[in-house]
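Please read the points below with the sequence and the model open beside you. Each point takes up one part of the fold.

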Amino acid sequence: QKKYEYLLVDIKGKNSNVALVQLNRPKALNALCDGLMRELSTVLETIDKDDKIGCIVLTGSTRAFAAGADIREMQNNTLAQVVGAGFLDQWSAVAKIKKPIIAAVNGFALGGGCELSMMCDIIYAGEEAEFGQPEIILGTIPGAGGTQRLPRYVGKSKAMEMVLTGNRIKAKEAHQIGLVSAVYPANQLIDEAVKTAEKIASHSRIVVQLAKEAVNTAFETTLAEGNRFEKRIFHTTFGLADRKEGMTAFVEKRKPNFTGQ
Ligand code: CO8
């Protein structure tokens with residue numbers, strides 16, 4: 001097992017095809033300092049190229065998924081510095097990962113922590129999880145998609161309420177408004193996320209990647225353009241051995257044997 005400064009990385013699942021990436025900076029409630037985000041981007045990009053892995057679970061600790069960008073690190077930055085250095089540009093790497101990522105959120109997911117969870121593809125929450133965009137309290141605004149992804153998850157009124165007040169919402173409400181797709185007791189959360197990840201990893205790798213790309217396109221474009229894109233991706237699956245295998249297995253009443261081709 002490779003050692004990381006801010007992460008714990010493990011392989012999970014009966015077929016060892018799920019990567020579990022745990023944010024591990026307990027002293028600062030997993031505040032997302034530059035070093036942590038650099039390490040996370042590198043690790044996710046490496047996993048993305050690993051043929052053995054079909055799905056990723058990203059989690060934090062019981063107390064905090066992540067309490068935001070690192071406020072101490074940002075405190076004395078100037079406008080010229082943040083623009084000049086492209087401050088926190090590397091965060092967007094997470095949203096570019098091609099394999100599905102399930103965020104398993106226990107504890108606080110605040111500011112950049114909430115934004116990081118929204119860059120993932122599915123969010124599961126532990127019963128004690130709390131989500132919020134408290135940047136307004138610090139005299140700034142969300143900078144990693146909070147004003148853009150949150151309204152797409154929960155609609156304008158709730159997103160405005162969260163971004164303008166800085167108030168936190170609990171897991172149950174996050175579920176009701178569609179930010180998270182399921183809530184589990186804290187100690188079962190990672191197992192449940194791994195179970196879903198194993199299911200995803202049992203499907204054709206290439207088709208899973210295409211499906212993720214198609215759903216994400218819904219958030220980038222018009223309905224007509226999105227439907228046109230989807231149709232082409234759907235057609236594309238007919239060039240794959242896995243599409244033939246999936247349908248043949250159904251007809252022959254057996255399990256498919258996908259090869260990712
Ligand atoms: N940054 C740095 N350190 C932090 C952070 C943070 N975001 N959050 C907590 N810590 C540290 C605390 O300073 C404390 O350290 P120490 O023990 O050395 O004093 C330690 O973690 C424990 O925290 P608390 O003692 O405060 O624990 P509590 O249980 O009392 O409170 C809270 C927990 C409510 C989570 C509280 O820590 C808090 O409010 N944290 C800040 C939350 C916040 O405002 N987050 C938003 C940050 S701004 C942001 O994320 C902008 C994103 C822009 C991304 C742009 C990308 C391109």
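1. Helices (H or I, at least four residues) and strands (E, at least two) are DSSP runs, numbered from the N terminus. Axes are lines fitted to C-alpha atoms, for helices over the stretch in contact, and angles run from 0 to 180 degrees between N-to-C directions. Contact means heavy atoms within 4.5 Å.

2. A word on the basis of these points. The model is predicted, and local features need pLDDT of at least 70, side-chain atom pairs count only at pLDDT 80 or more, while totals for chains, interfaces and linings use all residues. Residues are numbered from 1 along each chain as its sequence is written, and side-chain values use heavy atoms, with hydrogens and water left out.

3. Strand 8 (residues 130-132) and strand 9 run antiparallel and are joined by three bridges. Phenylalanine 131 has isoleucine 169 as its bridge partner in strand 9.

4. Buried means under 20% relative accessible area, exposed over 50%, and partly exposed in between (1.4 Å probe, protein chains only). Among the buried residues of helix 4 are Cys114, Glu115, Leu116 and Met118.

5. Two packed helices are described by the angle between their axes and the distance between the axes. For helix 4 (residues 112-119) and helix 5 (residues 146-154), the axes come within 10 Å and cross at roughly 55°. That makes helix 4 oblique to helix 5; angles under 35 degrees count as roughly parallel, over 145 as roughly antiparallel, 65 to 115 as roughly perpendicular and the rest as oblique. On the helix 4 side the contact is made by Glu115, Ser117, Met118 and Met119, and on the helix 5 side by Gly146, Arg149, Leu150 and Tyr153. These residues divide into four nonpolar, two polar and two charged. Ala, Val, Leu, Ile, Met, Phe, Trp, Tyr, Cys and Pro count as nonpolar, Asp, Glu, Lys and Arg as charged, and the others, Gly among them, as polar.

6. Leucine 179 is in contact with residues from several of these elements. Leucine 179 sits in the loop between helix 7 (171-176) and strand 10 (182-184). With a relative accessible area of 2%, leucine 179 is buried. Leaving aside neighbours within four places in sequence, its contacts are Met118, Ile123, Phe131, Leu150, Tyr153, Val154, Ile169 and Ala174. Leucine 179 and proline 151 are 28 residues apart in sequence, and their C-alpha atoms are 9.7 Å apart in space.

7. Where does strand 7 find its partners? Strand 5 (residues 101-105) pairs with strand 7 in the parallel sense over four bridges, and three bridges join strand 7 to strand 10, also parallel. Tyrosine 124 of strand 7 stands opposite alanine 104, and its bridge partner in strand 10 is alanine 182. Four of the five residues of strand 7 (residues 122-126) are buried, so strand 7 is largely enclosed by the rest of the structure.

8. Last, a loop residue with the opposite setting. Aspartate 89 is found in the loop between helix 3 (79-84) and strand 5, and is exposed, with a relative accessible area of 54%.

Key
Pairing = 2+ DSSP bridges.
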